[in-house]
Amino acid sequence: MAKAPVAGRVKTRLAAEAGLAVALRFARHRIAALVQRMQGGGAWHTLLAVTPDSALPARIWPPGVRLVAQGGGDLGARMQRLVDLAPPGPVVIIGTDIPGIAPAHIAAAFCLLGRHDAVLGPAADGGYWLIGLKRRPHIPRPFAGVRWSGAHALADTLANLRSHSVALLPTLRDVDTADDLAAHAESLGRHIRQYAGRHPISVIP
C-alpha cells in the first residue's frame with residue numbers, strides 16, 4: 001500500500017522535522033525500491049495499492065507493477081477492501097515506509113499462513129508493518145475499531161483476531177520521524193546521510 005508521493009501530503013511528520021524535500025525523496029525512493037524487491041520471482045503476485053484513487057494513472061509510480069486503487073475510508077476499511085477483492089489464496093499486505101522489509105519476510109509470512117489463520121509483523125511504535133490472512137474457510141475482519149497511527153494498532157488488531165491462530169514476525173522500525181530516518185541511514189546507503197547532533201538529514205542525489 002502506498003500514498004502518492006506528493007510534497008506536503010506524504011510523510012508529513014518526517015517533513016515537519018527534516019523538510020519537505022527529504023520526506024518526498026524518502027517516499028519516492030522507498031516505493032521504487034520496495035516494488036523492485038518484492039516482485040516475488042513467481043512465488044507470489046505483487047500489486048501496488050495506491051491512494052488517492054485519482055493518482056492511479058499517474059506516472060509517479062514505478063513501471064512494471066500492477067496498480068490498484070485503495071478506495072475510500074480509513075486505513076482499516078481500505079485494507080479490508082484489498083483482502084476482500086484479492087484473487088483466491090492467502091494475502092499479505094505491507095506498507096512502503098519500512099526499510100528493513102526483505103523478500104524473506106514475505107516468504108516467511110506466506111509459509112506461516114500454511115499453519116496459521118493470520119500473521120503480523122509488529123512495528124516498534126505499537127503498529128505493524130505486515131499483516132497476512134489465510135482467508136479460508138472464511139475471510140477474517142480484523143480491522144474493525146482499530147486505533148490507527150498510535151500505540152494501540154497491533155493490540156487492537158490482535159484482539160479482533162483472538163479466535164484465530166496468529167503468528168508473529170520479527171519487530172521492525174518504520175520511518176515517521178527524523179530519528180527513525182537516522183536509525184536507517186546506514187541501510188539506505190548513498191541516498192541518506194545523517195549529520196551530527198541536531199543538524200538536518202540530507203539527501204544525496
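I began with E1 and E2 (residues 47-51), which pair in the parallel sense over two bridges. The model I am reading is a predicted one. For the bridge partners in E2, I found Val-50 for Ala-2 and Thr-51 for Lys-3.

I then followed the pairing onward from E2. E2 and E3 run parallel and are joined by four bridges. Within that pairing, Ala-49 stands opposite Val-68 in E3.

Next I looked at helix H4 (residues 103-112). Which residues of H4 are buried? I noted His-105, Ile-106, Ala-109 and Leu-112. They lie on the same side of H4, because they cover an arc of only 125° around the axis. As a reminder to myself, an α-helix has 3.6 residues a turn, so residues three or four places apart point the same way. I listed what the buried residues of H4 pack against: strand E4 (91-94), strand E5 (118-122), strand E6 (128-133) and strand E7 (166-168).

I turned to the nonpolar cores. The largest has 18 residues, and those with the most contacts inside it are Met-1, Met-79, Leu-82, Ile-93, Leu-120, Tyr-128 and Ile-131. At least two residues of this core come from each of helix H3 (75-85), E4, E5, E6 and helix H5 (153-160). Another core, of 17 residues, lies apart from it, with Trp-44, Val-92, Ile-106 and Val-119 among them. Ile-106 had already come up as one of the buried residues of H4.

I took Tyr-128 separately. Leaving out residues up to four places away in sequence, Tyr-128 touches Met-79, Leu-120, Gly-121, Pro-122, Ala-123, Phe-143, Trp-148, Ala-153, Leu-154 and Thr-157.

The largest pocket holds about 1,100 Å³ of space. It is lined by 36 residues, of which Lys-11, Leu-75, Asp-97, Ser-149 and Asp-176 are the closest to its centre. E1, helix H1 (12-18), helix H2 (20-37), H3, E4 and E6 each give two or more residues to the lining.

Lys-11 lies in the loop between E1 and H1 and has a positive phi of about 50°, although it is not a glycine. At 15% relative accessibility, Lys-11 counts as buried. Arg-135 likewise is not a glycine and has a positive phi, of about 70°. Its place is in the loop between E6 and H5, and it is buried, with a relative accessible area of 12%.

I logged two cis peptide bonds. One joins Thr-51 and Pro-52, with omega about 0°; Pro-52 sits in the loop between E2 and E3. Another joins Arg-136 and Pro-137, with omega about 5°; Pro-137 is in the loop between E6 and H5. For context, most residues other than glycine have a negative phi, and most peptide bonds are trans.

My last entry is Arg-81, in helix H3. Not counting residues up to four places away in sequence, Arg-81 touches Gln-70, Gly-71 and Gly-72. The C-alpha atoms of Arg-81 and Gly-71 are separated by 7.9 Å, with the two residues ten apart along the chain.

Notes
Residues numbered from 1 in each chain as written. Predicted model: local features only at pLDDT ≥ 70, side-chain atom pairs only at ≥ 80, totals over all residues. Heavy atoms only, no water. Buried < 20%, exposed > 50% of the residue type's maximum accessible area, 1.4 Å probe, protein only. Arc of directions from axis to C-beta. Contact = heavy atoms within 4.5 Å. Pairing = 2+ DSSP bridges. Core = buried A, V, L, I, M, F, W, Y, C linked by side-chain atoms within 4.5 Å. 1 Å grid on protein atoms, 1.4 Å probe; cavity = no way out; pocket = protein on both sides within 12 Å on 5 of 7 lines; lining within 4 Å. Points joined across faces, edges and corners; volume = space filled by probe spheres on them.
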